[in-house]
Amino acid sequence: MAEYTKFQQNAIKNFYDNRDTIALQRVQELVTELYLSEGKKLQKNWDSVILHLSKLNVDKKTLDHLRKEAKPELVATLITKMLNKQDATPVKK
C-alpha cells in the first residue's frame, strides 16, 4: 500500500467526508446538461444522473420513475427537496 503524505491523507478524508455534497452538486450540473443534450449524450447524462442519485441513497423505485419519465424538471424538484432537507439537518460538532 502506498504511503500518503499528511496533505494527501487530509484531501482523501475531506473527499469522503463530503461525498454526498459532491454527488448532489454533480447532479445539479447534470440537470443543465439534460436540457441541452440530445441523442447518445442525453442517454449518457441520464446514466450519470441515476448513478449519482443512487450514491445519494435515492430508492430504486424513484430512480426507475425518473428514468421512465425522462423529465429533467423532476430531477430538479428532487434535488430541491434534498437540498431543503440537507439545510434542515443540524450541524455536527
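I started with histidine 52: leaving aside its neighbours within four places in sequence, I find it in contact with Ala23, Arg26, Val27 and Leu30. Contact here means heavy atoms within 4.5 Å. Histidine 52 has its place in helix H3, helices being DSSP runs of H or I with at least four residues, numbered from the N terminus. Is histidine 52 buried or exposed? It is buried, at a relative accessible area of 16%. The cut-offs are under 20% for buried, over 50% for exposed and partly exposed in between, with a 1.4 Å probe and protein chains only.

A note on the source: this is a predicted model, where local features need pLDDT of at least 70 and side-chain atom pairs count only at pLDDT 80 or more, while totals for chains, interfaces and linings use all residues. Residues are numbered from 1 along each chain as its sequence is written, and side-chain values use heavy atoms, with hydrogens and water left out.

**H2 against H3**

Next I looked at how helix H2 (residues 19-36) meets helix H3 (residues 39-55): their axes come within 9 Å and cross at roughly 155°. Axes are lines fitted to C-alpha atoms, for helices over the stretch in contact, and angles run from 0 to 180 degrees between N-to-C directions. I noted the crossing of H2 and H3 as left-handed. A crossing gets that label if the near helix is turned anticlockwise from the far one by less than a right angle, and right-handed if clockwise.

Who makes the contact between H2 and H3? From H2 I listed Asp20, Ala23, Arg26, Val27, Leu30, Glu33 and Leu34. From H3 come Leu42, Asn45, Trp46, Ser48, Val49, His52, Leu53 and Lys55. By class, the contact of H2 with H3 has eight nonpolar, three polar and four charged residues. For the classes, Ala, Val, Leu, Ile, Met, Phe, Trp, Tyr, Cys and Pro count as nonpolar, Asp, Glu, Lys and Arg as charged, and the others, Gly among them, as polar.

**H3 against H4**

I then turned to H3 and H4, whose axes come within 10 Å and cross at roughly 165°. H3 and H4 are therefore roughly antiparallel to each other, and H3 passes H4 in a right-handed crossing. On the H3 side I have Gln43, Trp46, Asp47, Ile50, Leu53 and Ser54, which meet Leu63, Leu66 and Arg67 in H4. The residues of the contact of H3 with H4 divide into five nonpolar, two polar and two charged.

**The core**

Which residues have the most contacts inside the largest nonpolar core? Leu53, Val75 and Met82 do, in a core of 18 residues. Such a core is a set of buried Ala, Val, Leu, Ile, Met, Phe, Trp, Tyr and Cys residues joined through side-chain atoms within 4.5 Å. H2, H3, helix H4 (60-69) and helix H5 (72-88) each supply at least two residues of this core, and its largest share, six residues, comes from H2.

I checked methionine 82: not counting residues up to four places away in sequence, it touches Leu24, Leu53, Leu56 and Val58. Leucine 78 lies in helix H5 and counts as buried at 17% relative accessibility. Leucine 78 and leucine 53 are 25 residues apart in sequence and 9.7 Å apart in space, C-alpha to C-alpha. Setting aside neighbours within four places, I have leucine 78 in contact with Leu53, Val58, Thr62 and Leu66.

Also in H5 is glutamine 86, which is partly exposed with a relative accessible area of 34%. Not counting residues up to four places away in sequence, glutamine 86 touches Thr21 and Leu24.

Most residues other than glycine have a negative phi. So I stopped at asparagine 57, which is exposed at 68% relative accessible area. Asparagine 57 has a positive phi of about 65° and lies in the loop between H3 and H4. Alanine 70, in the loop between H4 and H5, has a positive phi of about 55°. Alanine 70 is partly exposed, with a relative accessible area of 40%.

How values were computed:
Parallel < 35°, antiparallel > 145°, perpendicular 65-115°, else oblique.
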